[in-house]
Amino acid sequence: MTGYIIRRLGQAIVVVLGVTMIAFFLEHLLPGGIARAIIGSRATPQQIALFNKANGLDSPVWYQYWVFLGHLVHGNLGFSYKQNRSVNSIIANDLPRDLMLVGTSLVLAVLIAVPVGVVQAVKRNRGWDYAGTAVSFVLYSMPSYALGLILIGLVAIKFRIFPAIAPQGASVGAMLAHPSGLVLPIATLTLVTYALFSRYMRSAAIDSLAQDYIRTARAKGLSEKLVLWRHVLRNSLVPVTTLVGLSLPAVLTAGLVIEQLFNFQGLGLEYFTAATTYDFPVMVGITLLVGLATVVGNLLADLTYAILDPRVRY
Amino acid sequence: MNFLKVVGAEPLPREHGWRRRTRVGSTLSAVVVAGAMVLTSTGAASAGGPVYGPSTPLPAVGTKIQGGTVSVLEGPGATPNYIFPFVNAQNCGFQNFGMMFDLMYRPLYWFGNNNSPTVDYSYSVGNAPVFSDGNKTVTVTLKNWKWSDGEPVVSRDVEFWMNIYFAERGTSDVYCDYTPGYFPDNVASVDYPNSSTVVFHLKQGYSPTWFLYNELSQIVPIPMAWDRTSLSAPAPTPTTPNLPDLTKKGAQAVYSFLNGLAKNTADYAPSPIWSVVDGPWTLQSYTSTGEATFVPNPDYSGSPKPTISKYVELPVTGDEAILDYARTPGPSGVQVVNLPDEFLPQVSSLKGEGYQATNFTTFSFAYFPLNLGNKIFGPVFRQLYFRQAFQHLVDQPGWIKKIFGGFAAPTYGPVPLAPANGFADSFETQNPYVFSISDAASLLESHGWKDVGSGETATCENWRLCAPGDPAAQGLQLKFNLDYQSGAVTTYEEVSDLKSQASKVGINLELTTHPFVTVISNAIDCGPGSTATAAQCKWTAQDWGAGWIYAPDYLPTGESLFLPGAAANFEGYVDPKATALTRATLTASSASAETAALDAYQNYIETQVPVVYIPTATGDIGSGNIVLTSTHLGGFTNNLFSQLTPETWYLTK
């Protein structure tokens, strides 16, 4: 297992570097010039030349990437062209808050989807199942943007139960000091994520319930409770584990819509803003982070399989 | 000032930018530039033109109270993030001026208060400049103001600014409004005869109005307490000898030190450097999300003194967040909101929640360029008849009514018509190219185009008429690309209508859309003398949904727009008469001569249509078309250059 982890981490480094390389070179293919995008349309040729020189943009792209790697080795992701702060500080500021917001939503979605999926599987084709399915389909088909607007319109504006604006604190602690502001953004993300997870959980649980080992467990006299939560649940978690693993990079950037709706400064919006303003250092930095999250997420999923299924060995 | 908003890929509908200047001049007689309206144009623009927003403070209900906190929303993607007033091009966004350092460090001259594009000496550190010696000598005296560290604001502070400016020329960190050949290159020397006087000796005589509005406007006195290269060094005073700024190398070192501090936003407040202010406000706190809190500077020498006890700028992530704030907490929590275009239908319900809505404007005009230097279509675009015909296709009244809901000003030339001002003459209030398909068709047909209005794409059947001097135009079809910014509803509707109207005269516009930065990046000057490559000059028309705001070149002359090689001459317009008229506005010897020169320039540019004029959306800071202010917020006035003046505001109960 240790060797497997080491091999996977080695692969992760190669994959992440590959991702940054592709992103780096693709960004430099974008039409228009970085200098004019950053300085503005009033940029004089002299200013453009000076900007390019000051930021190394007059060097060949491969050399720019080499310099980037050199900085990366020292943990320096560069300096934002537009935001007047380092990419490291942008990530350091936004990542914990994103993890808190989207991570909480992910955990809640799993905690709700798993038991609901099992219950639906047990009571399939009956009232509870139909009701659960209807709710899942409605939520799954609804874009997060639309769901968020509905919640804002009803909960925040009409009935004034929770605020529409997320807590504006710069730190996780400052945000947690105003929990009411977290309800609607977390609820929006959770509901959309839950819908997908519950469908997978239901399908996996139905599949498990049909297996011979379940019949055997029941024949041995185990209580239905034990059958469900010891045997069905454990074996049904594999596909959900895959989903959760694949969701890890989404934790970092999928909150874009939520961030815009609820005035929450996160990495999703940072990346989008950087992309539309040609703020390349931020784009590359976040791309690297997402790449890292992708490989780590997959690794964690694979390791979880081994925990869930003793037959899986690396 | 460049700013972008991000809402589902929707940049701001207008671009604000700092501009560069070129000019020539001649020796002129002495004149004192004084008064709020230095130009008295015959036939002021108010005749028949709309007036946007009141010039007097907005009314408030209730009784005035002392203290309280007033919050305003920053623009999406327009968080103030740079505190050092000597700002380079990269950080030259409006938000850093009006929402950061101009609140704390007063510029030498202030413009735009109360809906007027003119100088406001009551807000300025400097008294009206005196011009002499054929307008080659400019004497500026300073008011008796103080910095918050107790030191007086003196000529040495102006010298400090000028020394850094001189030293940083030719570097990437030069002041963002610098253009080679202009200020301070046009200054032969500067004397500081006493602590309250600065004397500029110019290389030639310039128009006093122009020099005040477009050159002296760049000066911000900065405190001597900043004239050091480390925080451990003791804070200098105006009388400290041998300070680093007195040499070029030393000035660069000081700039490098201060710029380095400005890159560390975490240490903006408290700070021994940035806390030395002469403006009405001082920064109390600044968070990593961009929330800035200001409190009154008790040592402010100017007036009015702030009434409220705290002024807060709140960051927003997008247009929806702006509406959210307007709804909850609403006017009790956010007193000033710039409502984006798409929420205009919500105005009436927001009024019911305690806001009043006003359509303020900025001193700007909207347009988009055709590439007069395009290899294939340039010879056609360079013909006046074609530009006239194309301008006839712009249905300004229709766009103002249907696209902007009435919240836009007609734009016929380079001088804004809204609000009514003394710079636009009566000629500019009239549209020489009213929306007319028949006029457009007639122009094209009489200049060698066939299949005009037949449903086909017009084709040139006589190059000598279509594009004199360009035989390659024979058989050319009027089918070219118009690239516009993505995500902006108003821009989309404009170009869609334009395409429809153009098709009626055989002009086949191929619409493509790209992000704002791509569109502005592609609009490159391909005119004579341009170093752009053939690939870069393939563009034909670029509409970034933006225009030009006259800040900090407050006088609406065209040296940055229409002179050959000017930074914003994207279309590559070259016209000897236009050049001469533009340069004349920089060197007029008196206020009346400036009026005449400005009239001649704007009238010519209006008729020449070097760019396609489109309605100018009203609005103020950030993206808002409508400014919402709490009915319990008094004293709010509009500054035409997006400068905020919260020191005039007060809360009521």
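The figures show a predicted model, in which local features need pLDDT of at least 70, side-chain atom pairs count only at pLDDT 80 or more, and totals for chains, interfaces and linings use all residues. Residues are numbered from 1 along each chain as its sequence is written, and chains are lettered from A and ligands numbered from 1 in the order in which they are written.

**Figure 1. Chain A as a whole.** Chain A has 14 helices and zero strands. Helices (H or I, at least four residues) and strands (E, at least two) are DSSP runs, numbered from the N terminus. The C-alpha trace of chain A spans about 85 × 55 × 35 Å along its principal axes. Of its 314 residues, 42% count as buried. A residue is buried if 20 or more other C-beta atoms lie within 10 Å of its own, exposed if 12 or fewer, and partly exposed in between, with C-beta atoms placed from the backbone. Among the contacts in chain A with a separation of 6 or more, 70% are between residues 24 or more positions apart. Two residues are in contact if their C-beta atoms, placed from the backbone, lie within 7 Å. Gly18(A) lies in helix α1 (residues 2–27) of chain A. Gly18(A) has 11 other C-beta atoms within 10 Å and is therefore exposed. Its C-alpha atom is separated by 13 Å from that of Trp62(A), which is 44 residues away along the chain.

**Figure 2. Helices α5 and α14 of chain A.** Helix α5 (residues 87–122) and helix α14 (residues 280–308) of chain A pack at an angle of about 50°, and their axes are 9 Å apart. Axes are lines fitted to C-alpha atoms, for helices over the stretch in contact, and angles run from 0 to 180 degrees between N-to-C directions. The two helices, α5(A) and α14(A), are therefore oblique to each other. Angles under 35 degrees count as roughly parallel, over 145 as roughly antiparallel, 65 to 115 as roughly perpendicular and the rest as oblique. The crossing of α5(A) and α14(A) is right-handed. A crossing is right-handed if the near helix is turned clockwise from the far one by less than a right angle, and left-handed if anticlockwise. Val87(A), Ile90(A) and Ile91(A) of α5(A) meet Pro281(A), Val282(A), Gly285(A) and Leu289(A) of α14(A). The residues of this contact are six nonpolar, one polar and no charged. Ala, Val, Leu, Ile, Met, Phe, Trp, Tyr, Cys and Pro count as nonpolar, Asp, Glu, Lys and Arg as charged, and the others, Gly among them, as polar.

Figure 3. Strand β8 (residues 281–286) of chain B pairs with β9(B) in the antiparallel sense over five bridges. Two strands pair if DSSP finds at least two bridges between them. The hairpin of β8(B) and β9(B) has five residues between the strands, and Gly290(B) there takes a positive phi near 100°. On its other pairing, β9(B) meets strand β10 (residues 310–314) of chain B, antiparallel over three bridges. Phe294(B) in β9(B) is the bridge partner of Leu283(B), and the bridge partner of Phe294(B) in β10(B) is Tyr311(B).

**Figure 4. A parallel sheet in chain B.** Three strands of chain B form an open sheet with parallel pairing, in the order β18-β17-β19. Strands β18 (508–514) and β19 (542–543) of chain B stand at the edges with a single partner strand each, so one side of each has no neighbour in the sheet. Strand β17 (residues 479–485) of chain B is joined to β19(B) by two bridges.

**Figure 5. An antiparallel sheet in chain B.** The order of this open sheet of three strands is β20-β13-β21 (chain B), and the pairing is antiparallel. The twist averages 40° from one strand to the next. Strand β13 (residues 364–368) of chain B and β20(B) are joined by three bridges, and Ala366(B) stands opposite Gly547(B) in β20(B).
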